[in-house]
Amino acid sequence: MPAPAVDVLIRGAGPVGCALALALRRTALRVAVLDSSSPPPAFRPLALSYGSRLILERLGVWSGLEVTPIERIVVSQAGSFGRTRLDAADAGVTALGYLTEYARLLGALKSALAGTLTTDVPQARCIVHAEGAPQEIEGKRYAQDAVVALLQCEPPAAATAFERFTAEGPLALLPLAGRYALIWSMQPQRAERLACASDTQFLRELAAAAGSAIGRPIALEQRAVQALTLKVRRARVAGNEVYIGNAAQTLHPVAGQGLNLGLRDAWDLARTLTDAPDPGDPARLAGFAAQRRLDARATIHITDFLAAGFAGANPLVRAARGAALTALDIFPAPRRFFARRMIFGAQALP
């Protein structure tokens with residue numbers, strides 16, 4: 001039987017798969033990335049945590065990437081009391097995160113790979129699945145779709161992001177080069193209607209949901225609707241195959257944790273495979289799965305709670321949410337812990 005052509009085959013040339021390939025570049029492993037992806041969407045905002053910045057710096061792609069820093073996040077709920085503000089100083093970092101576009105990040109990663117991408121499928125000792133959300137897993141369908149758009153306001157966006165919880169779901173406004181990337185979760189019927197509504201009608205309803213925090217919405221472009229699901233693979237490892245990023249867990253976009261979790265997957269897998277005599281050794285891959293379990297489970301549960309637990313119009317639930325936000329605003333220790341947990345994953349745990 002012929003020897004495998006490569007040591008590691010990464011199936012999927014999205015940001016997570018490309019990040020893994022770059023992280024393995026300094027090892028002795030022969031790596032190939034199977035690139036069968038369709039062209040990226042015209043507009044897809046990505047929130048990168050400060051922890052992801054550190055990973056991308058180590059991969060050598062950060063300095064050329066166009067990003068907008070997020071120095072603070074204001075969290076509130078519509079129609080009730082409760083507000084908190086997270087600042088970069090709470091977490092001891094220069095920025096809580098950064099916003100960029102999917103196409104920009106992917107372009108920077110692919111440019112750095114130079115020759116690793118392939119459209120053939122070579123034999124490999126280890127197969128890494130990073131090809132996106134698994135179609136074979138049904139998962140949980142949220143009672144929400146997300147309307148994604150690029151929004152211009154007066155005054156222009158600066159370095160503050162807004163996360164507002166409405167009765168239908170979370171509304172995120174993230175600064176991007178003077179404008180806001182809008183990710184607005186709502187009932188699917190309303191999302192379908194607003195996707196086709198006039199700009200005037202859309203902006204009127206947005207202003208009612210967002211309140212006065214962002215100023216006056218004046219222009220809108222790049223509207224799209226995204227179905228929201230939670231898909232979690234039961235096992236990350238099967239023999240010499242391992243699953244990372246969206247192939248392992250696909251999350252609701254609230255708090256922007258999906259890609260950041262995937263980049264941590266890629267970074268930890270690269271460290272696991274470095275100097276491995278056999279990168280496809282099931283025991284070694286099982287060790288990686290065990291290492292990632294805490295971070296993945298905690299991030300999945302937090303994201304699911306924010307998506308489902310902070311929706312609804314029940315007065316008692318609203319009061320509880322308001323009390324939680326107020327307490328988070330008053331007490332610095334839990335605020336700092338929450339901020340660092342969103343930035344660094346399980347490493348932020350005591």
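Student: How far apart are the closest N and O atoms of the salt bridge that Asp7 forms with Arg30?

Tutor: A salt bridge is a side-chain nitrogen of Lys or Arg within 4 Å of a carboxyl oxygen of Asp or Glu. Asp7 and Arg30 form such a pair, with 3.2 Å between the closest N and O atoms. Helices (H or I, at least four residues) and strands (E, at least two) are DSSP runs, numbered from the N terminus. Bear in mind that this is a predicted model, in which local features need pLDDT of at least 70 and side-chain atom pairs count only at pLDDT 80 or more, while totals for chains, interfaces and linings use all residues. Residues are numbered from 1 along each chain as its sequence is written, and side-chain values use heavy atoms, with hydrogens and water left out.

Student: Is Asp7 buried or exposed?

Tutor: Buried means under 20% relative accessible area, exposed over 50%, and partly exposed in between (1.4 Å probe, protein chains only). Asp7 has a relative accessible area of 5% and is therefore buried, whereas Arg30, at 40%, counts as partly exposed. For the protein as a whole, 53% of the 350 residues count as buried.

Student: How many salt bridges does the structure hold, and which parts of the chain does the pair of Lys140 and Asp304 link?

Tutor: The structure holds 23 salt bridges. In one of them the side chains of Lys140 and Asp304 meet at 2.9 Å, N to O. That pair links distant parts of the chain, 164 residues apart, with Lys140 in strand 10 (residues 140-154) and Asp304 in helix 8 (residues 282-309). Lys140 is partly exposed, at 34% relative accessibility.

Student: Where do Glu205 and Arg193 lie?

Tutor: Their side chains meet in a salt bridge of 2.8 Å, N to O. Glu205 is in helix 6 (residues 199-210) and Arg193 in helix 5 (residues 188-196), so this pair ties together parts that are 12 residues apart in sequence. Glu205 is buried, with a relative accessible area of 13%, while Arg193 is partly exposed at 41%. Salt bridges that share partners also join Arg236, Arg264, Asp265, Asp268, Arg271, Arg292 and Asp295 into one network.

Student: At what angle do the axes of helix 5 and helix 6 cross?

Tutor: Two packed helices are described by the angle between their axes and the distance between the axes. Axes are lines fitted to C-alpha atoms, for helices over the stretch in contact, and angles run from 0 to 180 degrees between N-to-C directions. Angles under 35 degrees count as roughly parallel, over 145 as roughly antiparallel, 65 to 115 as roughly perpendicular and the rest as oblique. The axes of helix 5 and helix 6 come within 8 Å and cross at roughly 135°, and the two helices are therefore oblique to each other. Where they make contact (heavy atoms within 4.5 Å), Arg190, Arg193 and Leu194 of helix 5 meet Gln201, Phe202 and Glu205 of helix 6.

Student: How should I read the classes of the residues in that contact?

Tutor: Ala, Val, Leu, Ile, Met, Phe, Trp, Tyr, Cys and Pro count as nonpolar, Asp, Glu, Lys and Arg as charged, and the others, Gly among them, as polar. The contact of helix 5 with helix 6 divides into two nonpolar, one polar and three charged residues.

Student: Which residues make the contact of helix 1 with helix 7?

Tutor: The axes of helix 1 (residues 15-23) and helix 7 (residues 258-273) come within 9 Å and cross at roughly 25°, which makes helix 1 roughly parallel to helix 7. Pro15, Val16, Ala19, Leu20 and Ala23 of helix 1 make the contact with Leu259, Gly262, Leu263, Ala266, Trp267, Leu269 and Ala270 of helix 7. By class, this contact has 11 nonpolar, one polar and no charged residues.

Student: What is the angle between helix 1 and helix 4?

Tutor: Helix 1 and helix 4 (residues 102-113) pack at about 30°, with their axes 9 Å apart, and are therefore roughly parallel to each other.
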